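Open your viewer, and let's take a short walk through some charged side chains. Keep the selection tool handy.

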Amino acid sequence: MTPLVGRWRQLNALLQLVAVPPVVVRLEGEAGVGKTRLLHELFAHSALGNHQKLIGTCQSLREPFPLGPVVDALLPLASAKLSEATDPLLGALVPLLPELGSRLPPPLPPLADLRMEQHRRYRAISSLLTAAGPAVLVLDDLHWADSGTMEFLQYLFGHLPAELTVVLSYRPGELPRGAAADLGRSGSAATIELPVLAESETAAMLHAMVGRGRPPRKVRQALQRRSGGIPFAVEQIVHSALEQLHPASVGSTAWDQFLRDDVPAGFREAIARRLSGLSDTARRLVVAAAVLAVPVGEEELFAVADVPVDAGELALDDVLDAGLLQETNGRFACRHELLQQAVRQVTSRSSLRRLHRRAASVLLDASGALPYFRIASHLEACGDLDGWRDNSELGADTAISVGDTGAAVTTLLQLIAAAEGDEAGRLALKLGRAALDGLDCGATVELLRALVNEVQQLPLRIRGELRNDLGLLLLNQLGDATEGYRELERAAGELREPRPDLAARVMSSLANIHAGHQHVDTHLKWLTEADSLAGAIAEPSDRTAFLVNKATTLMTCGQRSAWPLADSLFEETTDPALGRHKTRACLNFADASLWLGHYGRASGYLASGRELASRFTAAYTREQLEVAEAMLDWMLGRWDALPERTVALVNRFESLPRVAAECRLIAGALAAEHGDVDQALQLIHPLVSADQPPAPPVTATAHTLLAEVRLRQSARTEALRNVDLAVQVLRRTGMWVWAGEVTPSAVEVLTTLRRPTDAQRLIDEHREGIAGLDCPASAAALRFGEAVVAQSIGNFHQALDGYLTAEVMFSELPRPFWLARTKRRLGECQLQLGLDGIPQLLAAERLFDELGVRRRSRSCREVLREQQAAPQRKRGRPSYGERLSPRELEVAALAAAGQTNQQIATALGLSRRTIEQHVARCLHKLHVSSRKELTVVLASGIRTSD
């Protein structure tokens with residue numbers, strides 16, 4: 001093997017990175033620059049003695065086999081020591097890795113939803129890599145990777161096992177669509193570039209290969225020009241020269257050639273000379289291997305070369321010994337792409353066409369699944385364009401069926417470019433469906449945009465249908481409301497004349513209030529227009545889809561007419577398409593009911609949805625139903641183990657931000673109530689800082705939660721800003737039915753910060769916004785907010801009536817958390833009126849304790865202690881008289897240190913009003929008139945209650 005030249009710096013960099021896992025290393029360099037050779041040097045280094053060495057190579061011409069190179073890389077684990085191979089999830093790998101079958105748990109039943117099956121497989125591979133312990137996973141020639149491998153890498157980058165180093169080698173200019181950006185997303189990633197050799201390094205390589213003195217300058221310059229500094233080309237050119245020349249003649253005119261095309265001219269000529277020196281049978285084998293372009297078995301190679309088996313076996317040994325072909329696991333191929341290209345360039349066109357035709361015939365006659373992509377490639381090369389089209393589409397169909405979306409998309413794009421009229425439209429629709437089934441939403445959006453904007457031969461109805469797919473993808477999966485809505489509006493216009501039935505469905509999607517981020521009046525206008533075209537919808541499945549969208553819109557905005565329409569959609573069915581629409585209806589209706597406050601209805605829809613999802617194998621919807629169930633548990637106060645559940649859901653749906661948003665909201669709200677402010681901010685802040693915000697009610701509620709947290713931190717400006725942003729969402733959408741979580745907290749923040757006018761304006765808008773609508777949660781929130789505003793300006797009797805009404809409403813919903821907050825305020829209001837508020841405060845304390853909200857229950861107990869310490873307490877505990885109580889001494893010390901009432905309240909978990917009372921009593925008992933005097937008095941020593 002030629003000594004390593006000019007690569008020691010990159011090898012050392014690789015070794016340093018391997019020593020600090022987890023890390024992703026991107027090894028970039030053009031063809032023949034030495035990426036594979038460097039990886040072999042890495043694996044041979046003693047520093048990797050305790051590591052699992054896993055390598056997979058992507059192929060240039062492949063059949064649909066998602067994760068093929070990853071599977072190849074994992075095969076050595078069949079004989080390796082695995083630390084933790086007991087995870088039941090590993091059973092998902094049994095079909096992929098039968099060699100590991102005896103070492104893996106029992107196989108898992110397949111999932112009907114291909115997307116979920118792929119996601120489970122990715123998790124299982126990550127688990128297997130974790131069990132492997134210290135390991136280096138190399139994927140070589142990533143520029144030829146299948147879409148499944150690329151999608152798995154996107155997943156792996158976010159879930160790197162702690163002891164894993166991933167090394168990806170590729171040609172940067174030849175990566176699949178969108179892959180360059182994806183490879184840059186890992187937080188622990190590094191890039192190593194392999195440049196071509198400098199002239200001095202090329203000369204060093206030549207010297208090492210020849211074993212003589214330093215070559216003359218003319219030879220060095222000529223070799224650098226001819227090889228381009230590509231180590232493989234240098235190696236091949238020098239090997240060829242040494243075969244023809246005596247070592248003493250190395251510096252002769254044999255080097256005086258120039259580079260031409262993709263293969264160095266001297267290299268091409270050297271290959272021609274080497275071929276001419278072979279027997280006819282050996283030469284046929286090399287040319288056949290170059291035409292086949294992928295590793296193949298003996299039988300296929302001999303058939304395409306048209307040589308007898310006996311003669312072929314003898315000649316095969318010769319070309320292997322000569323280094324023209326190489327064998328890997330019983331399959332044979334040209335040693336490198338440059339060699340493959342050179343062989344084809346020195347072979348006549350007529351010979352190549354004949355060989356391509358024979359290769360296609362051999363592959364068509366083979367048993368088992370036909371490799372349609374390879375057949376199509378050979379037919380195109382021999383000029384059979386009809387055969388190329390037919391087999392390319394069959395290959396795309398096969399790729400779609402096994403989930404290799406990338407291969408299908410690439411092929412269909414090529415077919416569309418060569419098609420016209422209706423044929424282009426038919427293929428474009430198939431391409432759109434294939435793209436929508438892929439996991440890479442970003443690439444799918446890019447592709448659909450290219451189809452609708454750049455393929456001029458598409459009929460208008462096809463363009464509109466594809467644009468509808470694009471709009472729904474932007475809305476529902478990427479959460480890009482602005483762009484998604486714009487594409488749906490254009491689709492509605494394109495489809496209105498040629499496809500009024502589909503236009504009605506598109507308009508019903510535009511009526512989706514939850515996803516659109518428009519004002520409710522805009523959505524209802526689209527629904528009215530959709531209704532006017534709905535008579536054109538003939539298919540029962542399409543009709544059901546339209547009615548589901550209509551009922552969803554009406555229910556979401558609190559229209560009572562939604563309930564009978566929704567009930568009419570749940571007749572028994574065995575039709576899969578109808579079943580899936582009804583499953584989606586359950587999810588939509590449950591979500592709408594939750595935000596309205598109809599928790600009993602939501603529970604019923606969730607139960608029906610689970611049953612339908614199971615019966616009609618709607619795994620993706622079943623996962624979303626799980627999120628809705630978590631939301632229901634949050635609202636009903638079923639908080640045991642809910643924090644852990646929702647954090648797990650956030651991690652599970654990391655790649656689907658719209659689905660993960662509600663999980664983040666719940667987990668963040670619970671963390672804030674349980675006192676973990678840092679985790680609360682970590683979970684909630686992405687909801688309000690993302691480029692594409694989540695659904696409006698989630699966004700508004702997230703801002704409200706942040707306002708409460710900021711108020712506890714005495715960050716007044718930030719708290720007010722978050723309240724303003726939350727209310728802006730409600731004003732922009734006109735959806736005050738979503739104010740159930742916003743108005744109560746927002747009004748408390750505003751009144752605490754002495755903004756009663758702003759609070760009253762919010763109340764007035766809320767009252768007007770839900771007039772005549774069916775939204776019990778928002779109605780209860782309104783009554784609570786009205787009472788808070790009245791209490792803040794001293795209208796205690798009005799506040800008392802409001803709290804009593806809100807108490808009944810929250811109890812009937814039920815909302816235990818808001819019921820407890822109402823009882824707390826009701827008790828304080830009763831005390832302000834000289835009434836007995838102790839029972840309400842005790843009830844609030846008990847409810848907060850049951851919810852695990854210790855901070856709020858402590859606050860209730862503090863108010864109760866203050867009442868028990870007052871003069872003439874019924875329970876008979878002695879008054880502290882002129883002495884400071886322990887709590888008063890604590891407050892006095894903090895006030896003397898310069899802290900504000902709000903800062904003291906936050907530190908002690910008390911209300912600001914309670915602190916104000918403490919400070920006033922301290923000043924009175926100590927006979928001082930200001931906080932500054934407290935410092936002197938406290939320094940001289942004071943009597944306390946102990």
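Start by selecting R121: what is its relative accessible area, and is R121 buried or partly exposed? R121 is partly exposed, at 22% (buried means under 20% relative accessible area, exposed over 50%, partly exposed in between, with a 1.4 Å probe and protein chains only). Before moving on, note that this is a predicted model, where local features need pLDDT of at least 70, side-chain atom pairs count only at pLDDT 80 or more, and totals for chains, interfaces and linings use all residues. Residues are numbered from 1 along each chain as its sequence is written, and side-chain values use heavy atoms, leaving out hydrogens and water.

E117 joins R121 in a salt bridge, 3.6 Å from N to O (a side-chain nitrogen of Lys or Arg within 4 Å of a carboxyl oxygen of Asp or Glu). The two sit 4 residues apart in helix 4 (residues 114–131), about one helical turn; helices are DSSP runs of H or I, at least four residues, numbered from the N terminus. E117 is buried, at 10%.

Next, select E748 and R825. Their salt bridge spans 2.6 Å, N to O. E748 belongs to helix 36 (residues 743–752) and R825 to helix 40 (residues 816–832), so the pair ties together parts 77 residues apart in sequence. Both residues are buried.

Then go to E786 and R767, whose closest N and O atoms are 2.8 Å apart in a salt bridge. This pair links helix 38 (residues 776–792) with helix 37 (residues 756–769). E786 is buried at 15%, while R767 is partly exposed at 36%.

Finally, select E393, D397, E423, R426 and K430 together: salt bridges link them in a network.
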